Amino acid sequence: MKTVLITGSTSGIGLATAQKLAHEGDFKLIVCGRRKERLTKLTNQLKSNVKITSLNFDVRDKKAVIKSLESLPNDFKAIDVLINNAGNAHGLDYIQDGSLEDWDAMIDINVKGLLYVSKPIIKSMLKKQSGHIINIGSTAGKEVYPKGNVYCASKHAVDALNQAMRIDLNKHGIRVGAINPGLVETEFSEVRFKGDRQRASSVYEG
Ligand code: NDP
Ligand code: 8X3
């Protein structure tokens, strides 16, 4: 039975992935995110289908990432599949107008957070000489659009890291791949527009 860790399981793509895997079958799931009450609700919902545990940490906090992973119960410690999904866009502004806080958030979460989570898990995958990493990139990691600047840069970095991980880890029996979605109606735009639901839903019109 494979153990799968999904970052950003409290909403959107990560939540749907956890629900899908729980219904598909033979997995142990580790669901992660900052919103503890959502993690509790999700584990309660899925625990009759699947062996599940949760980790509550901010991917920006490298000490918390390490401490959380070390706290996993023994039967969840050997992670077979890592789904690097946690991430968001913060703001949508011309490059000359963007805020440093938004830029920090996107680089710290989408890029550095992905690295912080990956490092200890790669270490344990190397010991087994097996594993599978799936990085959630974006079409924004392949193209750039007006006002997308730093979000697109962060997702281009995910695309580069995905290729780099594959080159470096494949010879150790670790498979690495990416999914690069286009528009998906999740909480993504609500986060990007700082809670403005009307503006967020207009993104998906049509
Ligand atoms: P959501 O906003 O619905 O979900 C984002 C998830 O990431 C949440 O579970 C959130 O959990 C988690 N997260 C965000 N920041 C942090 C943090 N600092 N530490 C830990 N977890 C964090 O968005 P999506 O589901 O749409 O996004 C998931 C991934 O898909 C992202 O990487 C995004 O870039 C990518 N993507 C999305 C597309 C879209 O159109 N929606 C298209 C292409 C790619 P919590 O807040 O509880 O910490
Ligand atoms: C999310 C898709 O087009 O909003 O990565 O950047 S987009």
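Trainee: How many aromatic pairs does the structure hold?

Mentor: One aromatic pair. Rings of Phe, Tyr and Trp (its six-membered ring) pair if their centres lie within 6.5 Å; planes under 30 degrees apart count as stacked, over 60 as edge-to-face and the rest as tilted. Bear in mind that this is a predicted model: local features need pLDDT of at least 70, side-chain atom pairs count only at pLDDT 80 or more, and totals for chains, interfaces and linings use all residues. Residues are numbered from 1 along each chain as its sequence is written, and side-chain values use heavy atoms, with hydrogens and water left out.

Trainee: Which residues form the aromatic pair?

Mentor: Tyr-151 and Phe-188, edge-to-face. The centres are 5.3 Å apart, with 65° between the planes. The pair links distant parts of the chain: Tyr-151 is in helix α5 and Phe-188 in helix α6 (residues 188-192), 37 residues apart. Helices (H or I, at least four residues) and strands (E, at least two) are DSSP runs, numbered from the N terminus.

Trainee: Is Tyr-151 buried or exposed?

Mentor: Tyr-151 counts as buried because its relative accessibility is 6%. Buried means under 20% relative accessible area, exposed over 50%, partly exposed in between (1.4 Å probe, protein chains only).

Trainee: Now packing. At what angle do α4 and α5 pack?

Mentor: About 15°, with the axes 8 Å apart. That makes α4 roughly parallel to α5 (angles under 35 degrees count as roughly parallel, over 145 as roughly antiparallel, 65 to 115 as roughly perpendicular and the rest as oblique). Axes are lines fitted to C-alpha atoms, for helices over the stretch in contact, and angles run from 0 to 180 degrees between N-to-C directions.

Trainee: Which residues in α4 and α5 meet?

Mentor: Among them are Trp-103, Ile-107 and Leu-114 in α4, and Tyr-151, Val-158 and Leu-161 in α5. Contact means heavy atoms within 4.5 Å.

Trainee: And α3 with α4, at what angle do the axes cross?

Mentor: Roughly 35°, and they come within 9 Å. Lys-62, Val-65 and Leu-69 of α3 make the contact with Tyr-116, Val-117, Pro-120 and Ile-121 of α4.

Trainee: Change of topic. Where does Val-50 lie?

Mentor: In the loop between α2 (36-46) and β3 (51-56). Val-50 is buried, at 6% relative accessible area.

Trainee: What is Val-50 in contact with, leaving aside neighbours within four places in sequence?

Mentor: Ala-22, Gly-25, Phe-27 and Leu-29. The C-alpha atoms of Val-50 and Glu-24 are separated by 9.5 Å.

Terms used
Chains lettered and ligands numbered in written order.
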